[in-house]
Every structure is written in C-alpha cells, then in structure tokens.
Amino acid sequence: MNKFRLTRWLISLPPTLFLLIFFAVPSLIMIVTSFRFPGEYGGLAPLTAPETTAAEGDSGLYGMTLEAYHFFFSDILYAEIFLKSFVVATTSTLICLIMAYPVAMLIAQSAKKYRNLMILLVVLPFASNFLIRIYAWMIILGPESAFSHFINSVLQAFGFEPVMMLFSPFAVLVGTVYVHLPFMILPLYTNLEKHDPVLLDAAQDLGANRWQRFWLVTWPQSLPGVFSGSALVFIPVLGMFAIPDILGGTGDILIGNLIKDQFLGTRDWPFGSTLSIMLMLAVLCVTGLFTLLARPRVPR
Amino acid sequence: MALLELRNVIRRFGDFTAVDNVSLSIQAGEFFTLLGPSGCGKTTLLRMIAGFDVPDSGQILLDGQDIANTPPEKRPIHTVFQSYALFPHMTVADNVAFPLKMSKVAPAEIKKRMEKALEEVQLSRFTHRFPHELSGGQKQRVAFARGLINRPRLLLMDEPLGALDAKLREDMQRELINLQKEVGITFIFVTHSQDEALALSQRIAVMNLGNIEQIGTPSAIYGTPANRFIADFIGKINLMEARVTQISNTAMTLEINGLGTTVLPPKKEIQAGDQGVIAIRPEQVAVHALAKQAEIPHAHTGKVLDFLYVGDVTTYVIELDSGIQIEALLANSSPGRARFFEVDDPVIVSWPQEAAQFLVDRP
C-alpha cells in the first residue's frame, strides 16, 4: 500500500512541478514587475539608483512603486475596457450556450455508433490553424464577399442602409463564438449523455409536456455541464486579443489588446503587468463562482 | 363498464409480433397482473397502456373512451418504473409533488397532499432528502407515493420489486396489497415472477409469445392451468406424457407412458386418441417407505435420485421403475412426514387421482 502511494507520488511529481514552476515563477515576475518603473526604452527601470553622470541627471525612476496601480485606478477608461471585455465575454458565452445546447442534445440522443463521428466533426475545425480561420472570417465578413453582398441586398430590399460587418463588435462576436463553440458543446454533451432517458418518460407519464420536461428535468440536471462549458468560453474570451485585433474596429479594444499594447506598443511593462494581474483576479473570481455552481449537487 | 378494455390490440416490430391480438378488460379497483417470461409482450402492452407506444391496430379504451392515440401526459394513468425513475436533482418532497405541480394544483394544497402521501408510506422524516440518500425500499416507496398522489385512474407497475432483496420484497408485497386496498386505485402489475403474481394479484393474465394464454384468479391459474405452458411456467409441476384411450360421459381413461392407466373426470372437447400431459403438483405427491406398498392404491415404486432440503420443505426427485422422474415436495414440519429419505432409498410414490389433470396438446 505504501509502495503504491510512493509510485503515485513519483508519477505525478514531474507534471505537478512543471505546472507549479511555470505558473508560479511567471506570476511572481509579473507581480514584481507591476510594482516597478518602466525603463526608458521598454523593459524595467533599475531597482537601485543608477550611477549617473551629472549631464544625464537623475530621473528618480528607480526602486519600487505603486505608480502603475495608481495609473490604472485614476482613469475610468480602463474600467470601461474591463467592463466591455466582460460584456463581450458574457455575450459570447450566452450565444455559445444557446447554439451549443441543441447540438449537444442532438449528439447525446443519437445512436451510439454515430456519436463519436459527430464529436469528431465538432472538433474538426481545430485541425486548421486558429489565425487562418480568423483571417477566413475577415474575408467572409469583408465588404466584397458574397455573404456581405447578400446581407446588404436583403437589408436594402427592406429599406435599410447597407452595413459594414467587418471591423465591428458584431465581427468580434462572430469570431469569438465561432472559435469557442466546441468548448461549450463538449462539456454539455458529456453531461447530457449521462442523463437517464427513463426520467423523461417518468416526467411525461406524470403529466409534464415537452417544455416542462426540458426545464424541470433536462436543464437542471445539465447545470454542471452548462457551468463548465461557460467557464471554458468565458475565461479565454475575456483575455483574448487576436480576434478583436483582426476582426474588430479601432473602438473594439478589449483587455487582451490593452495588455498586448503595453508590452509591444507603448512598452510600459509595469502597467501591462498590472492589467494582467487585474485580469487574473477577475478570472479567478469568475472561475471560483463557476466552480461553486458547477459542483454537482447529486453525486452519480 | 370495465375501467380499461383492450380490444384486438396488435403491435409489431418489423417481423416480430410483440403483442398479438390481445383483448382483455380490467375492472375498477382490481389488482391485475400481467405475468410472463421475458419477451412475452407484457412490457410492450404496458407501454401501450401508458401511452409510450401506439398499437398498430386495435383499441385501448379507458372508461369507454379510446385513448390509443392520447399522449402519456394526457392520460390519467401513472407508472412506477422498474428503476423507480426518481428525479435525482429533486428532494423526496419535490419528487412526490411533481404530478400535482403538473396539473397546476394550488401550492398550499400540494404541500398538504405531499405531506399526507409521504406519511402514508412512512417517509415523513425523509422529506428533504435526495433520492441518492435513500435505501432501495425507501426509493420504492417514494415512487409509489409519486405515482399515487394525483389519484390516477390506473397505476401501472413495471417489475417494481425486481431490484429489492428477497426479504424486503416480501415486506413490500404486503405493503403494496394494503396500499391498494386503502387507495382503491386500480393496479396493473407487470412481472416475470410467478410467486409475486400469485401473492399480489386478484387476477392474473399469463402471457406467452404476445398472446394471453389464460386469465384467472391466482388459485385458478395455479390449480387448473389451461395448458402445458402455464402448468410449466407457474410453479413446479410434474408433467407426464399421456394419451386418451377411452372417453365417456362419466369418465376419461388415459394411458400414461410407462405408468399404466388412470381414470379422470371427462373434459370437454377431448376425444379418444388425443395426446397431452398429465400434470401433478409436487406437493400432491406422497412418498412412502417401501414396506407399506400393499395399503396404497395407485402406487408406483421407485428410488430417491436426489433431494433438496430448504428448511421448511424438502423436494425429492424420485425415479420410478419405468424411468420417469417425479418431484415430490414434503413439508418437514408435519409429524407424519418428518422422515427424510436418503439417495437411493427405495420408495413408493402415489397421488390422489383427482389431483392430476390432463392437459391436451392443441396443434
């Protein structure tokens, strides 16, 4: 028995160490960075007063500071970008949920021999590169695409102004939903597949119509799947920068873009780190909430 | 008018006829059992009565109204499923209250009736438990309470006691009989267990291959089985091939293979030359020590081949001199019968002539 336990420890030690080190060390670096001054040309200002010549003068920018946090909380703009990211993430999650649920139900109710094939189809888009798929949407939503022409001709037929779909919040939502839909379908399917069909028979037998059977029997039992799927969509969307970069307009900046800019654009590493920490705290809160909600009340 | 009437109900799955032209009627307040081996069509029949399946032809009348195409949720018929089918995410209270909520009963009324229903099945202390926190017997009682709370016209039960252990099953059988008497609701019970059917029912329909072979009270089914299948299926029985040699208005003479002739009261529609079986229950067969041979009429000699002692009774398998094997069930408690025979003991076997029945083979 003891030997067994030792073996288990030895096997799980390397991955545990890997995760611990490569999560803890960067997080620590980030936390420390957020309390420092930015360097003049990117990077960080020194911790100790530099030996300067009189000609250069003393900038005074060294040591530890709360400057980045002060900056974050002094401008409402950042709160707005956070809020907007939350709205985009929430909206994407809801759209994914509404679209994924029927698909997951369909797969779960199909004959066993077709289920694996259907799951394969759901994850098939992962076979091609993420960026290529996003650029493909750029073409589909672009003003010269057949899709755009079709939408605009329909709009004009009803007397509306033609629209530009690309570089809009709409395009960002299309992208996020498209990329994250499988992450919602899979946990939902895993949950729905386990439901005992006789419970639906029982509900029907006791007088429940189709609608009641769904809301009183299927939906409450599927909540753990709903919450884990939502977490898998919400969290990545919150920190995402590639999709708004490519499909969004100039006004569609999310936290992810803001953070990326601090490191690659404005070269303010401490502020970038501060934003990352804020994002991480937000994600931790949401994850905690989801974990709490996703905990099945009924052990199987 | 019968509460439920099935008229010429047929249900086919591809080439397989699951229910083959079944007609039967069930009276209000009856405890009726559909009994048969697995695959005999009893579950298909039950599903059609519940509404989960639709007959290919024939009528299902409830209070004279054809309900064959009414969906299950619109039928005043509830089912207790084999696996109980309790909603795992609802408490006992919510499970039991479910049918009332579906028929939009006022919340105060629901609470009152739910509490009363749980009291009736002695589960008042478990109101706020979830199904996974209950024992098998408790889940069973919740399922019954849930099936009965909305006063259905009919309660269907699909082998509901199958998952319980023997001791608990016997208790539940007694409870079920009392429950049915109290609520006065008509029960249709489906089982493959003849013991259960005999113990619970007022009437039994024995099914085989999609047909009803016999309908009758438990004692009629057990005592006077209609044919070889029923005799064999219900309880233990000795079947000996026999042929009618002579028949008159007062007597029927039969030749039993290897055992000579026997005379029984005549039966209708039987002619000289008909083949069939003589059926005799093991508990009707008497076994005696060899010495008494002279005093016993219609006796056959043989020896004990094997026996099975189960406490209250012992079943002896006896091989007669002709090679026929006969089972005899002797109660161990009875003073005159307290003697145990050993394997290879020579014995005499006899049975009262009137206890034997001739079951004719119909092509």
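User: Is Arg151(B) buried, partly exposed or exposed, and at what relative accessibility?

Analyst: This is a predicted model, in which residues are numbered from 1 along each chain as its sequence is written, chains are lettered from A and ligands numbered from 1 in the order in which they are written, and side-chain values use heavy atoms, with hydrogens and water left out. Local features need pLDDT of at least 70 and side-chain atom pairs count only at pLDDT 80 or more, while totals for chains, interfaces and linings use all residues. Buried means under 20% relative accessible area, exposed over 50%, and partly exposed in between, with a 1.4 Å probe and protein chains only. Arg151(B) therefore counts as partly exposed, at 47%.

User: Where is Arg151(B) placed?

Analyst: Phi of Arg151(B) is near 50°, a positive value in a residue other than glycine. Helices (H or I, at least four residues) and strands (E, at least two) are DSSP runs, numbered from the N terminus. On that numbering, Arg151(B) sits in the loop between α4 (136-148) and β7 (154-158) of chain B.

User: Which strand holds Asn8(B)?

Analyst: Asn8(B) has a positive phi near 50° and is not glycine. Its relative accessibility is 41%, so Asn8(B) is partly exposed. Asn8(B) belongs to strand β1 (residues 4-13) of chain B.

User: In chain B, where is confidence lowest?

Analyst: Confidence here is pLDDT, the predictor's own score for each residue, from 0 to 100. Chain B has a mean of 89, and 96% of its residues reach 70 or more. Helix α2 (residues 92-102) of chain B is highest, at 96. The lowest mean is 83, in strand β13 (residues 260-264) of chain B.

User: What distance separates the centres of domain 1 and domain 3 of chain B?

Analyst: Domain bounds come from an automatic or database domain assignment. Chain B is divided into domain 1 (4-223), domain 2 (233-279 + 356-360) and domain 3 (282-353). The C-alpha atoms of chain B fill a box of roughly 80 × 45 × 35 Å along the principal axes. Taken over C-alpha atoms, the centres of domain 1 and domain 3 of chain B are separated by 42 Å.

User: How far apart are the end C-alpha atoms of helix α3 (residues 76-109) of chain A?

Analyst: The expected span of a helix is 1.5 Å times one less than its number of residues. Helix α3 of chain A has 34 residues, so it should span 50 Å. The end C-alpha atoms agree with this, at 49 Å.

User: At which residue does α3(A) bend by about 30°?

Analyst: The bend at a residue is the angle between axes fitted to the seven residues ending there and the seven starting there. A proline, Pro102(A), follows the bend within four residues. The bend is at Ala100(A).

User: How many aromatic pairs are there over all chains, and how are the rings of Phe72(A) and Tyr78(A) arranged?

Analyst: Rings of Phe, Tyr and Trp (its six-membered ring) pair if their centres lie within 6.5 Å; planes under 30 degrees apart count as stacked, over 60 as edge-to-face and the rest as tilted. The count is 25 aromatic pairs over all chains. For Phe72(A) and Tyr78(A), the centres are 6.1 Å apart and the planes at 20°, so the pair is stacked.

User: How are the rings of Tyr316(B) and Phe341(B) arranged?

Analyst: Tyr316(B) is buried at 1% relative accessibility, and Phe341(B) is buried at 5%. Their ring centres are 5.6 Å apart and their planes at 80°, so the pair is edge-to-face.
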